[in-house]
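Please keep the viewer open as you read.

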Amino acid sequence: MKLFIATLSTETNTFCTMPTAMSGFQEYFLRHGTATQEPPNLMTEALHVWREKAEALDWQVVESLTAIAEPAGPTTRACYDALSGEILSDLADCGGADIILLQLHGAMVSEHIEDCEGDILARVRAQCPDATVGVSLDLHSHLTDKMLEASDLIVHFREYPHDDASACATELFDLAQRTYAGEITPRMAFFDTRMVNLYLTKAGAMKEFVAEMAATQTNPGVLSVSLSHGFPWADVKDVGARMLVITDDHPDMAALLAEWLGRRFFDLREDVTTDYLPIRDALNKVGTRPGLCVLADMGDNSGGGAPGDATHVLEAMLARGLTNFASGLFWDPGVVRICQDAGVGSRLTVRLGGKTGVVSGNPIDLNVTVMGIETGLGQHLGTGLEPMGTVVWLRLKGEIDLLVNDLRVQVYHPEAFEQVGIRLAEKSVVVVKSLFHFYGPFSQISDHIFQVASPGGTQPAFQNIALTKRKLPYWPAVAQPFADPARDLDAPKSSRSTANSVQ
Ligand SMILES: [Zn+2]
């Protein structure tokens, strides 16, 4: 018995002007068959689980590429061809496999292919027509017909923040094992919910919906239920949330259940989404309660493909005269280099941020002291440790602490600040460039957290994102996207209001 495993993961913000090239993978995580020899991170957890379970069964494990890049613009053709080609050539070199399990992102776009995951799966299927092919996807993905046609099993993360990667990997392994053994015959179907938004799963109606999906999965004949949340900042035809159901040889039941749950999700749309605060309203909250206030600069979340050098929030805070705060991570390799040359303890003027494009706002000239420089630090995302590059701690006006680095990465954990010496307990406010992955660890040190809809590359103005390729209407761009059945007649197969069933 032979198991083949690999990871290729980046989330593409098609509006981001910075291409994703090989350097983006090299600086974040790129291993050629050796990823499981290191501690896991979010996107390698699955490989660890699959290897461990397979080796316990005395299966042969062939580990191929693991390539992870921080989200940015479309991947260059040369980079995509090289990385996807490495997986396919490794698969050929080992003579194929009985079971092929891949951890992919689901929202990767290259400059020449809109559905990279569908492309990889189709090529894998063409090369190994008889293998059992399973894929684990980040829930911020675009679920497509091509993915369903080329694979046997698809499971999405169900939690955002994504703290269930290991559980999803275990589920997928077990289903693949049973499929290969002939115990089950997976039939997949999805339903387009006609929603483009973000859904945080740790509280309220969305937490209850995740529990409802889990309960549905226990029904006889149902193998797996998961929701592709979609990734909003991508102008691709399959953008939006899609409900996926896998049954045991009941394609009609899969389609009906996917539609039933998908329409139920649509009915909950006002309850499972959140209104985010404009900068001015968020700053009005500062100081209204004792203790540390956490502001999430979600419009400049590099984890969603924003540059990470936007100054909108910092500019507004300085204009208000706020002084006792910390803010980061500003991606500014030029400032990092200048500070490295100047050295710790230096006082100098730097032009911070605002460099990548219009969404980054204005650069700000600051008189700062270089308080610290660290290389090789990491910050926890769940149990995994994510890299931070070289981090520079700058102080201005005696009380303002800024964290600048040369690796685009969002803030996941208070240790991003504290391990360089910034004491958040002494601050009134900490601003984190992140959307939601920071939430769990920061809620341990503050119950006063606000998400700020700053006008960066991931501004959460879902009704205004220029989605030109999606054929069908969606909420919140229109109030009732299911109200015009005439438009359905022109819809592509995968986007019909009736669920698409693939055997
Ligand atoms: Zn995600």
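Domain 1 (2-272) and domain 2 (279-452) each give at least three residues to the lining of the largest cavity; the domain bounds come from an automatic or database domain assignment. This is a predicted model, in which local features need pLDDT of at least 70 and side-chain atom pairs count only at pLDDT 80 or more, while totals for chains, interfaces and linings use all residues. Residues are numbered from 1 along each chain as its sequence is written, and side-chain values use heavy atoms, with hydrogens and water left out.

A cavity here is a set of points, on a 1 Å grid over the protein atoms alone, where a 1.4 Å probe fits but cannot get out; a pocket is an open set with protein on both sides within 12 Å along at least five of seven lines, and lining residues have an atom within 4 Å of a point. Points are joined across faces, edges and corners, and a volume is the space filled by probe spheres set on them.

The largest cavity has a volume of about 360 Å³. Its lining has 28 residues, and Pro-71, Asp-138, Gly-303, Gln-410 and Tyr-412 lie nearest its centre. By class, that lining has 13 nonpolar, eleven polar and four charged residues (Ala, Val, Leu, Ile, Met, Phe, Trp, Tyr, Cys and Pro count as nonpolar, Asp, Glu, Lys and Arg as charged, and the others, Gly among them, as polar).

Helix H11 (residues 312-319) gives the largest share of its lining, four residues; helices are DSSP runs (H or I, at least four residues), numbered from the N terminus.

Lastly, turn to the largest pocket, with about 310 Å³ of space. Both domain 1 (2-272) and domain 2 (279-452) give residues to its lining, so the pocket lies between them.

Conventions
Helix = DSSP H or I, 4+ residues; strand = E, 2+ residues; numbered from the N terminus.
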